[in-house]
Amino acid sequence: MIKLTTENTQRAIERCKQLKPKVRFVADRTFNVESANNANVYQVRFDVQNGEKFGICECKASERGLVCYHLIAGATANIYRQSLKRNN
């Protein structure tokens, strides 16, 4: 899994804002994100360990240890879902 930090997510956040990929909930902290470039759908998963946030995507960028826009799209949905759970 890739540690998600302010520094390593900035470029992916900007790309995600431009592309606006579709995200679908699969299970707790797991989402499917549609590629903006082709028909591929990538599964992204998230975890929190000792207060640090981690994520992984099935795409080639993530395989190389890079934060991709799929992770950011999924993270946005994950943050929203987790906030709903805390408020209930």
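In α1, residues T9, A12, I13, R15, C16 and L19 meet Y69, I72 and A73 of α3, where contact means heavy atoms within 4.5 Å. By class, the residues of this contact are seven nonpolar, one polar and one charged; Ala, Val, Leu, Ile, Met, Phe, Trp, Tyr, Cys and Pro count as nonpolar, Asp, Glu, Lys and Arg as charged, and the others, Gly among them, as polar. The model is predicted: local features need pLDDT of at least 70 and side-chain atom pairs count only at pLDDT 80 or more, while totals for chains, interfaces and linings use all residues. Residues are numbered from 1 along each chain as its sequence is written, and side-chain values use heavy atoms, with hydrogens and water left out.

**Helix α1**

- Helices (H or I, at least four residues) and strands (E, at least two) are DSSP runs numbered from the N terminus.
- Helix α1 covers residues 6–19, and its 14 residues should span 20 Å at 1.5 Å a residue, which agrees with the 20 Å between its end C-alpha atoms; the expected span is 1.5 Å times one less than the number of residues.
- At A12, α1 bends by about 30°, the bend being the angle between axes fitted to the seven residues ending there and the seven starting there.
- T9, A12 and C16 of α1 are buried (under 20% relative accessible area; exposed is over 50%, partly exposed in between; 1.4 Å probe, protein chains only).
- The cover over the buried residues of α1 includes α3 (69–87).

**Packing of α1 and α3**

- The axes of α1 and α3 come within 8 Å and cross at roughly 80°; axes are lines fitted to C-alpha atoms, for helices over the stretch in contact, and angles run from 0 to 180 degrees between N-to-C directions.

**Positive phi values**

- Most residues other than glycine have a negative phi.
- R29, in the loop between β2 (23–27) and β3 (30–34), has a positive phi near 60°.
- N50, in the loop between β4 (41–49) and β5 (52–57), has a positive phi near 55°.

- R29 counts as partly exposed because its relative accessibility is 24%, whereas N50, at 82%, counts as exposed.
- Leaving aside neighbours within four places in sequence, R29 is in contact with V44, R45, F46, D47, V48, N78 and Q82.
- R29 and D47 lie 18 residues apart in sequence and 7.2 Å apart in space, C-alpha to C-alpha.
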